[in-house]
Amino acid sequence: MSGKPDDWMTMAPDTLKWDFIGLDTRYRLADGRVTRRHYLDSAASTLARRGARQVADELLRHYANTHSELHFSARIVGHAYDWAHAQVLKFVQADPERHVAFFAGSGCTALLNRLARTLAARRPERDVVLVSLMEHHANDLPHRRHAGQVVHLPLTGVTPALGMIDLAALERLLEQYRGRVNYLAVSAASNVTGIVNPVHDIAALAHAFGAWVVVDASQSLAHLPLPLSDNGSPDRELDAVVFSGHKLYAPGSPGAAVTRRTLLEDTEPDEVGGGMVDDVRQSDYQVTARFPDREEAGTPNMVGAVQLGAALNLLQRADMTQVHAAEQQQLRRLLAGLSALPGARVYGDLDLQRTPRLGTVAFNLDGLEHGLVAAVLNDYFNVAVRNGCFCAHPYVRELLKPELWTLDVDLDAENAAALLEPWQGMVRASLGLYTRDDDIEALLTGVRELLARPDHYRALYRVDAGGHFRHRTFAAPAETLFDPEAALDRVLARLNASNDML
């Protein structure tokens, strides 16, 4: 990644691979073994980078609110918070003179709602928004709610081997709705299949028709360099990029947005309150012209923002190009291992030359419900994967359409929906910087075992009232694994012991 200061202490990805909290977490399994957790759920939330968390904890020694220069602590926290904004801009190679970074919420949902409302208000005469079929609900529903008519962009390929956004179809839609398309909302990469979209090509097409481009980069920034502009070309520059800190090794941090200043200037911020005004009178108030203050009403999550800034800084030191290359090797191993197993189905186009992917893979096993597969992988192999529709229901249903039609279910039957429900989802394994080869092998071993003895494992489980697969004889309630009150008691016991020694 360019823009790295010469005096930075750089670190190889392998060096940072172990700098995470929770890599040594162990659980007792259904067969009595106690093993290390294999965490393959990074697309939902990544583990915490220890170094970034330590920076945030160190800031707490100075903690105070911002917007004051008259006592040490407020000055320190204000400086650290400004530094966090700068790290966000630097990570996507944004020009701080032309772009602004701001924080909100706990992911990208709040930011996308704000952008949808703001952009719709700027050009109400443009009443169409193009949203890709593969979007997470966070980058679909806000536009349906706030931005007029939503038209979904088709993808290349044929179900279930769908690929990226179809650029030819996009151009046809831009022509069909010429003068009406306000903006496009697209993911840099799918949270279901990891398929990467050519967002700079999309921006060039959109700008030719006067439309803006909003990119949800939550699933890509931890895995792939994403400069705001491709080769410095203004026509290929992304107008707004949003992402979630909890997917960038900084759980507890806010979401972040980078936008062109001109998209936000001359309009009242979407949220009002303390910190975003220069003056308030009984009859009116004056919104500040300062960025990012005007976009961050209220008391911000300063500690979380600094933790995110530290995580981004560490990723830059590791060099995102190297991070991406290392993950691609593991992805190929995972895809090859699953694709070679009779009875395993991997979704999305598998040709990595034609359709680039990141380290997220969705699959199913013939004759086995996705919930049963996820439960067995957890209970017997300590492999943490996610199952369901991953907050991307239209995309998942499209990928599943051929096999759902083959189910022996009478769609007119009263209980048809209940009979279909266990099959309307997938299993998802997703990689992070900390993923090791033995994590992937543990998953593949579990899948092979399930395919070899499906009846054996099915007999061990029942389905509860909520539709979850529960082991008939093994249980590990959350409170027995981690009880917040018991943890507090241990903290107090240590505190009392320390006081006794004084």
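Predicted model: local features only at pLDDT ≥ 70, side-chain atom pairs only at ≥ 80, totals over all residues.

Student: In what order do the four strands of the open sheet lie?

Tutor: The order is 15-16-19-18, and the pairing is antiparallel. Strand 15 (344-346) and strand 18 (386-388) each have a single partner strand, so these edge strands are left with one side that has no neighbour in the sheet. From one strand to the next, the twist averages 30°.

Student: Which strands does helix 9 touch as it packs on the sheet?

Tutor: Helix 9 (residues 320-339) touches strand 15, strand 16 (360-365) and strand 19, and its direction makes about 10° with that of strand 16. Helix 11 (residues 393-405) lies across strand 15, strand 16 and strand 19, and runs at about 130° to strand 19.

Student: How is empty space inside a structure found?

Tutor: A probe the size of a water molecule is rolled over the atoms, which shows where empty space is left. The largest cavity has a volume of about 40 Å³, and its lining residues include Arg36, Arg37, Tyr434 and Asp439. By class, that lining has four nonpolar, one polar and three charged residues.

Student: Which helix gives the most to the lining of the second largest cavity?

Tutor: Helix 4 (residues 109-122) does, with four residues. The second largest cavity holds about 30 Å³ of space, and Phe102, Leu264, Asp270 and Glu295 are among the residues that line it.

How values were computed. Residues numbered from 1 in each chain as written. Heavy atoms only, no water. Pairing = 2+ DSSP bridges. Helix = DSSP H or I, 4+ residues; strand = E, 2+ residues; numbered from the N terminus. Axes fitted to C-alpha atoms, helices over the stretch in contact; angles between N-to-C directions. Contact = heavy atoms within 4.5 Å. 1 Å grid on protein atoms, 1.4 Å probe; cavity = no way out; pocket = protein on both sides within 12 Å on 5 of 7 lines; lining within 4 Å. Points joined across faces, edges and corners; volume = space filled by probe spheres on them. Nonpolar A, V, L, I, M, F, W, Y, C, P; charged D, E, K, R; others polar.
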